[in-house]
Amino acid sequence: MSLPKITRLPSVRLLSSIHQQLLLPSIPPPSVPRRAVSQGEYRRPGQPKEDKFPWQPINFSFSKGVEGIKKHFTLLKKEFFERWEGPEGKPLLEHMLEQNRVMWAFRGPESLKQWTVSSDREIGGHSEVQLTLGKNNNTCFLSGTLNATPPKDGETRYSGYCTLRSQQPLRSFDRKKHYDLSSFNTLHLRVRGDGRPWMISIAAEKYYSHQKDDIYNYFLYTRGGPYWQDVKIPFSKFFLTHRGRIQDDQHHLWLDKINTIGFTLGDKADGQFQLEIDFIAVCKDYAHTEEFAYELYKRNPEV
């Protein structure tokens, strides 16, 4: 015998709907945020957004294209003939016996085009920095005002820095050019400061994406006063940092893949500063036999 079907009464349906609305409020299903197809550059809080396509700032003029072709083919021709003479256009014997090399010498306005200055104004800070030539146009003069007051954006907690960094050298067709300093072991500077401590930064080529913020640092203590100061720092003293944090896993600086060198001031002492640089060179110090000044991890321990 089949059982009769039980039908729900309208009153029961009405009570269940009232129970759901009053006692159990409806909870919308969790929504998964959609990820943007293309992510632009980081924008500080409060900075207006530029509604421009990526190709709008590019200059597509015919004359600029012709100048670019001439420039790159001239560099390609220079690179081709330099390889016949020797490394970096020097004879092989001279390259092997070279003990000193001046990397950057500030002699005229053209030498300043190889450098870039920046400060915390890029993140909303209040520091100022400028790079000019010395009195006799034979030195560079870095000066400005340091202000460690953080911007009032609700995000930045620390501020107050000024930097001077050399530009990345390029070969023909905008290929990266590296400085090969494997024949040298010491950095030689001739500077004249105001007594403030600076941080020297050396950036080498990165082979992995997580190493893009790796940089090697060491300290530069200026004496102040009117006299020049010759500073020699072995490359073995430079320690590895990542976004300003010293790493536990230290390893040697790759001297055959040097990209840039820079100077950073961030001692949190508000006020004016100045640093005058005559030249930046490298040398071979035979009295220095230290390989690396810091502890290395033994990856394959002896049994």
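Trainee: Which residues line the largest cavity?

Mentor: The lining consists of Ala-204, Glu-205, Lys-206, Gln-211, Asp-214, Ile-215, Tyr-216, Leu-240, His-251 and Trp-254. Each counts as lining because it has an atom within 4 Å of a cavity point, a cavity being a set of points on a 1 Å grid over the protein atoms alone where a 1.4 Å probe fits but cannot get out. Please bear in mind that this is a predicted model, in which local features need pLDDT of at least 70 and side-chain atom pairs pLDDT 80 or more, while totals for chains, interfaces and linings use all residues. Residues are numbered from 1 along each chain as its sequence is written, and side-chain values use heavy atoms, with hydrogens and water left out.

Trainee: What volume does the largest cavity have, and which strand gives the largest share of its lining?

Mentor: The volume is about 120 Å³, taken as the space filled by probe spheres set on the points, which are joined across faces, edges and corners. Strand β8 (residues 214-221) supplies the largest share of the lining, with 3 residues. In the structure there are 2 cavities of 30 Å³ or more.

Trainee: What makes a stretch a helix or a strand, and how many of each does the protein chain have?

Mentor: Both are DSSP runs numbered from the N terminus: a helix (H or I) needs at least four residues and a strand (E) at least two. By that rule the protein chain has 3 helices and 13 strands.

Trainee: What makes the meeting of the side chains of Glu-98 and Arg-101 a salt bridge?

Mentor: The term requires a side-chain nitrogen of Lys or Arg within 4 Å of a carboxyl oxygen of Asp or Glu. The distance for Glu-98 and Arg-101 is 3.0 Å, N to O, and the pair therefore qualifies.

Trainee: Why are Phe-53, Trp-55, Ile-58 and Phe-60 called a nonpolar patch?

Mentor: A patch is made of residues with over 30% relative accessible area and no salt bridge; nonpolar side chains (Val, Leu, Ile, Met, Phe, Trp, Tyr) are joined within 5 Å, like charges within 9 Å. Phe-53, at 48%, is partly exposed, and is found in the loop between α1 (10-22) and α2 (62-85). Together the four residues have about 510 Å² of accessible area, as given by the Shrake-Rupley method with a 1.4 Å probe; for residues, only the protein chains shown count as cover. The protein chain as a whole has about 22,100 Å² of accessible surface, 55% of it belonging to carbon and sulfur atoms.

Trainee: Which residues does Gly-224 touch?

Mentor: Leaving out residues up to four places away in sequence, Gly-224 touches Gly-193, Asp-194 and Gly-195, where a contact means heavy atoms within 4.5 Å. Gly-224 lies in the loop between β8 and β9 (229-234). The loop between β8 and β9 also holds Pro-226, which is exposed at 58%. Pro-226 and Arg-192 are 34 residues apart in sequence and 7.4 Å apart in space, C-alpha to C-alpha.

Trainee: What is noted about the phi of Asp-174?

Mentor: Phi of Asp-174 is near 60 degrees, a positive value in a residue other than glycine. Asp-174 sits in the loop between β5 (162-166) and β6 (186-193) and, at 51%, is exposed. Lys-268 also has a positive phi, of about 60 degrees, although it is not a glycine; Lys-268 is exposed at 55%.

Technical notes
Buried < 20%, exposed > 50% of the residue type's maximum accessible area, 1.4 Å probe, protein only. 1 Å grid on protein atoms, 1.4 Å probe; cavity = no way out; pocket = protein on both sides within 12 Å on 5 of 7 lines; lining within 4 Å.
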